[in-house]
Structure formats: structure tokens, C-alpha cells
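Please consult the sequence and the structure shown here while reading.

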Amino acid sequence: MLVTCWSTKGGSGTTVIAALVSLHAAQDRDRPVLLVDLCGDLPAVFGSAEPVSGLAQWLSSDLAPCSLERVLEELTPNLSLLPRGQGPLSARRADELVDWLASGAAVVVDAGVLTAKGEASDLGSDHELRWRLAAEADRSVLVTRACYLALRRTVSLSVRPSGVVLVAEAGRALTRSDCERAIGAPVLATVAVDPDIARAVDAGMLRTRVPKGAIKVLGRLTEEL
């Protein structure tokens, strides 16, 4: 099963949510979990060294899909990271990548920010691959705050989420129900902005300082993994 996490605005918390979902999925499971990094921030979140090679290099090569296993980094005994690597993410081999992801472990993807097709973007060729993995996921998860501008962008996209993770901030006027009505998808989990999570991320220690409260509420996203 493929779960892709994405957002419509930077700073929504997509990378952290993807990391927490994968950590939860990897707990007490016989099946391995794979976390795929399309943005390049996950090594820092987990306190890992920046990889020299990764998905970008494979996408621009003619190597067999099984060669991706050589660049995986073990984060926990049941969780591996497929790093982004250096350079653009070509969509030339998107079909092969999707087939490979579907054939193995439970997969969580950090797809970062999606913008409307045709909209000016600095993501270059990366954007096509992000769109593909968001659109073809078994569970396409929008990570958003109760922000009018973020919701407005979401409605303008052709890809529709199957569920939402709402990052809750104090003082927002929009409610959970407002978000569900605007997006047209259920809120699967509400995660409060938590200084403990921010400190763990800033220190690169998310895997050793796992926030139990956030992990618990995200369990619904991994029920079928």
C-alpha cells in the first residue's frame, strides 16, 4: 500500500507528518516499511548524513529497479529511507518506480508541495513525479493547517486527497468541519502544533524522541498498511 503525504503550502508540516506516519507503521509489524523522500529534508529530520546518491540518480540512469535497494538507509529495524539524492527528479521512469513501490514494502512518500499544473514553480521536473505519486497513491493525504489560503489552493488542484491531516494551531477561525467541507475529504487525524516535536526535529532526533501523542492520532492512516 502506498500512502503519499503532500501539501499546497510550504511549512504545513508534510515532512514531519510523513516521518511520523512511517514510524507508526513500522511499529510491531512483520512487513517492512519504506519512507520515500522526494524533497530532501528527511535525512536532517532523522539526524542522518546527507546522502550522495539516491532516487534522483536512479531516475536518470538505466539501472534495474532492484538497484534502489543499495541506497536505502535503515532508520529503525523495520523502517528504511529511500533518500532523494542530488539533482532533478526526472519523471521518465515514473511507471517503473510506481511498480517497484507497489511490489514490496508498505510505502510512505513525502511529496512536499503540489501546485496547480501550469503554475509557475521552482520545482522544475520534480513536480511531475510528485503529482504522479500523489495521484496514484492508495491513500493520498493532504497535510494542511486551517488556513484559508491553503484551502483555496487545494480546491484549485485537479488531484483530490482521500484524507486530510489537520495541523491544528491556536487562534485559527476555521474549524475541522470547515476544512472537510472545503476540501471534500475527511480529516483522518488532527495533530496539534507541539514544541516537543519541533525540538526533536531541530535536533535531528525524531526517531529517538518519538512524540507518542502525535504517533497515536496518526494511527488511522496506517490501518491498512
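Which residue caps the N-terminal end of α8? The cap is D194, whose side-chain oxygen lies 2.8 Å from the backbone nitrogen of D196. This is a predicted model, in which local features need pLDDT of at least 70 and side-chain atom pairs count only at pLDDT 80 or more, while totals for chains, interfaces and linings use all residues. Residues are numbered from 1 along each chain as its sequence is written, and side-chain values use heavy atoms, with hydrogens and water left out.

**Helix α8**

- Helices (H or I, at least four residues) and strands (E, at least two) are DSSP runs, numbered from the N terminus.
- Helix α8 spans residues 195–202, and its buried residues are I197, A200 and V201; buried means under 20% relative accessible area, exposed over 50%, and partly exposed in between (1.4 Å probe, protein chains only).
- P195 and D202 are exposed on the face of α8 turned away from its buried side.
- The buried residues of α8 pack against α1, α2 (42–45) and α9 (212–217), where contact means heavy atoms within 4.5 Å.

**Nonpolar cores**

- A nonpolar core is a set of buried Ala, Val, Leu, Ile, Met, Phe, Trp, Tyr and Cys residues joined through side-chain atoms within 4.5 Å.
- The largest such core has 39 residues, and V36, L38, L55 and L97 have the most contacts inside it.
- Among the elements that give two or more residues to this core are β1 (2–7), β2 (33–37), α3 (55–59) and β5 (106–113).
- Helix α4 provides the largest share of this core, five residues.
- Apart from this core lies another, of 36 residues, which includes C5, L75, V165 and A214.
- Leaving aside neighbours within four places in sequence, the contacts of L55 include V36, L38, L97 and L129.

**Helix α4**

- The buried residues in α4 are A94, L97, V98, W100 and L101.
- Seen down the axis of α4, these residues fall within an arc of 165 degrees, so they line one face of the helix.
- An α-helix has 3.6 residues a turn, so residues three or four places apart point the same way.
- The face of α4 turned away from its buried side carries D99, A102 and S103, which are exposed.
- Packing partners of the buried residues of α4 are β2, α3, β4, β5 and α5.

**Salt bridges**

- Ten salt bridges are counted, each being a side-chain nitrogen of Lys or Arg within 4 Å of a carboxyl oxygen of Asp or Glu.
- One of them joins R92 to D62, with the closest N and O atoms 3.7 Å apart.
- Because R92 lies in the loop between β4 (79–82) and α4 and D62 in the loop between α3 and β3 (73–76), this pair ties together parts that are 30 residues apart in sequence.
- R92 and D62 are both exposed.
- E169 and R145 form another salt bridge, the closest N and O atoms being 2.8 Å apart.
- E169 lies in the loop between β7 and α7 and R145 in strand β6 (residues 139–145), so this pair ties together parts that are 24 residues apart in sequence.
- Salt bridges that share partners join D95, R132 and E136 into one network.

**The surroundings of R93**

- R93 is in the loop between β4 and α4 and is buried, with a relative accessible area of 4%.
- A salt bridge links R93 to E96, the closest N and O atoms being 2.9 Å apart; E96 is partly exposed, at 34% relative accessibility.
- Not counting residues up to four places away in sequence, R93 touches W58, L59, S61, D62, L63 and P65.
- A polar atom of the R93 side chain lies 2.6 Å from the backbone oxygen of L63.

**Strands β3 and β4**

- Strands β3 and β4 run antiparallel and are joined by three bridges; two strands pair if DSSP finds at least two bridges between them.
- A hairpin joins β3 to β4 through two residues.
- The bridge partner of E73 in β4 is L81.

Conventions. The arc is that of the directions from the helix axis to the C-beta atoms. A polar contact is a pair of N or O atoms within 3.5 Å; within protein, one must be able to donate a hydrogen and the other to accept it, and residues adjacent in sequence count only if both atoms are side-chain atoms.
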